[in-house]
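Dear colleague,

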Amino acid sequence: MSAAGIIDCHVHPTLRVGEPPAACAEELLPFADRMGIELMGVSLGPIFFHQPTREQVEADNCFNAGLIACHPDRFFGYANLNPNDLRHSLAEIERRIVDGPFVGIKLWVALCCDHPNVDAICERAAELGAPILQHTFYRAGGNLPGESNPEDMARLAARHRGVTFIAAHAGLNWGMGVRAVADQPNVLVDTCGFDPEAGFTEMAVAWLGAERVVYGSDGAGRSFASQLAKVHGADITPEARALILHANMRRVLGR
Amino acid sequence: MVIDCHVHVQGSYGTAEDRMGYLLEYADRVGIDRLCLSLGTSRGYQPDMETVRRDNDMVRAAVELHPERYVGFCYLNPCYLYDSLDEIERCVADGPFLGIKLWVAMFCDQPNLDPICERAAELGAPILQHTWMKITGNLEFESTPHHFAALARRHPDVSFILGHSGGNWELGYRIVQDLPNVYAEVAGGDPELGQTEMGVAMLGAERILYGSDAPGRSFASQLAKVHGADISDEQRALILGGNMRRLLHL
């Protein structure tokens with residue numbers, strides 16, 4: 001385990017597709033070790049489905065549970081849900097979080113997070129203390145059907161103060177995304193999934209405070225190194241950097 | 001020791017003096033010990049020699065202020081051959097500059113470059129030559145790795161640094177692969193996966209250099225290419241500073 005102890009809150013097991021979790025871990029862990037990443041939050045499966053079936057949701061969650069079983073000291077998991085199927089989503093929460101080993105929920109692009117179905121999920125998440133990692137994008141060409149933007153995230157978070165949300169990718173267009181969630185104290189942003197643009201981390205810290213910014217990579221779709229560069233190179237204090245790289249996620253995860 | 005082989009004074013933030021200070025602050029944040037500095041605040045592609053001398057004086061001021069941090073690379077416009085040779089004497093032979101920087105004023109395979117290279121060989125000064133292969137077409141006199149290879153082949157006793165590895169590094173590496181006096185640096189593009197690994201595989205770790213092109217690019221995003229690469233610790237140490245230390249006799 002690395003002495004640096006970095007936590008990457010946003011990783012997908014998209015290496016060695018078609019092989020078992022142990023093979024994926026075997027390829028992923030050396031990259032993480034090289035960059036000092038101790039713990040990775042995994043979600044979604046080796047293949048992404050915009051509108052996953054029950055079987056696909058369960059297969060993803062089983063795969064990630066397999067990763068955690070192989071390396072419980074290196075991975076934690078977010079349960080993948082399709083909120084269009086509310087009954088199954090609530091059942092998966094029971095199966096994966098209440099019964100373990102997952103600690104959070106991942107919501108992607110199946111249903112806009114401002115939808116009432118997501119409220120029921122949030123109510124259970126609040127009872128369980130499970131953070132929700134919600135994909136958010138402002139796409140220049142228009143979002144996918146069901147894809148949330150940071151304003152959707154802000155509306156949901158305002159209704160569920162007892163849940164910690166991570167607005168993944170800070171909305172991609174982070175100049176807008178950071179501002180859209182600034183007034184919601186229970187929303188954090190992660191750093192992942194876009195080029196290492198100058199000023200992102202500084203702006204997020206200035207608007208949200210370092211306590212509400214967490215390092216994530218979107219690996220294996222993005223390299224750990226290019227996404228870490230946003231934090232390592234930022235004009236912020238060493239204390240702020242430590243919060244972003246690990247302390248905030250330790251607080252969110254209670255570990 | 002981490003040495004950044006490719007840093008500029010140029011930028012739009014504060015004065016040149018301010019930026020020399022900022023650069024060190026940014027470098028400290030990511031663990032860079034020495035910065036090879038070139039070009040001043042002029043932005044013209046075809047500078048007259050008065051402008052070139054003024055640019056070099058800015059670099060000289062930075063080196064004199066922080067000799068333990070900055071290494072000067074002497075900027076030249078080879079269109080002015082005799083003035084360029086005089087500038088080499090003023091800056092490199094008489095010190096404190098250790099290398100030569102050539103940008104986009106003239107294709108680097110032209111005959112004017114030969115006397116410059118001959119003097120560089122006598123002084124043991126490496127030459128950092130900008131190269132790019134732009135899909136939209138290069139500037140009028142902007143060198144590609146092909147121009148660069150032609151020059152390096154004529155001067156095997158000069159160490160040349162392939163600026164930006166040609167931009168299109170997959171082509172750039174291949175074009176200089178058989179030239180042992182050529183080093184390729186990683187500066188100036190997005191942190192694309194595989195750039196450093198391919199350089200190591202094709203040229204050997206002894207011929208790959210870390211550079212950033214700061215402040216046009218961040219130190220951190222360019223360092224990521226090396227820190228994140230699937231190479232051995234020994235290879236990483238060579239790329240981050242060992243090779244440049246050897247080239248500059250530091």
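Two residues are taken to be in contact if their C-beta atoms, placed from the backbone, lie within 7 Å. Helices (H or I, at least four residues) and strands (E, at least two) are DSSP runs, numbered from the N terminus.

The model is predicted: local features need pLDDT of at least 70 and side-chain atom pairs count only at pLDDT 80 or more, while totals for chains, interfaces and linings use all residues. Residues are numbered from 1 along each chain as its sequence is written, and chains are lettered from A and ligands numbered from 1 in the order in which they are written.

In chain A, Pro150(A), Glu151(A), Met153(A) and Ala154(A) of α5(A) meet Met176(A), Gly177(A), Ala180(A) and Val181(A) of α6(A). By class, the residues of this contact are six nonpolar, one polar and one charged (Ala, Val, Leu, Ile, Met, Phe, Trp, Tyr, Cys and Pro count as nonpolar, Asp, Glu, Lys and Arg as charged, and the others, Gly among them, as polar). The crossing of α5(A) and α6(A) is right-handed, that is, the near helix is turned clockwise from the far one by less than a right angle.

Within α5(A), the buried residues are Pro150(A), Asp152(A), Met153(A), Ala154(A), Leu156(A) and Ala157(A), where buried means that 20 or more other C-beta atoms lie within 10 Å of the residue's own. Their cover includes α4 (116–128), β5 (132–137), β6 (165–171), α6 and β7 (187–190) of chain A.

In chain B, helix α5 (residues 145–154) packs against helix α6 (residues 169–176) at an angle of about 20°, with the axes 9 Å apart; axes are lines fitted to C-alpha atoms, for helices over the stretch in contact, and angles run from 0 to 180 degrees between N-to-C directions. The two helices α5(B) and α6(B) are therefore roughly parallel (angles under 35 degrees). Their crossing is right-handed.

Leaving aside neighbours within four places in sequence, the contacts of Ile100(B) include Phe73(B), Leu76(B), Val92(B) and Ile127(B).

Between the chains, 13 residues of chain B are in contact with 13 residues of chain A. Helix α8 (residues 219–227) of chain B gives the largest share of the chain B side, six residues.

Yours sincerely

Note on methods. A residue is buried if 20 or more other C-beta atoms lie within 10 Å of its own, exposed if 12 or fewer, and partly exposed in between; C-beta atoms are placed from the backbone. Angles under 35 degrees count as roughly parallel, over 145 as roughly antiparallel, 65 to 115 as roughly perpendicular and the rest as oblique.
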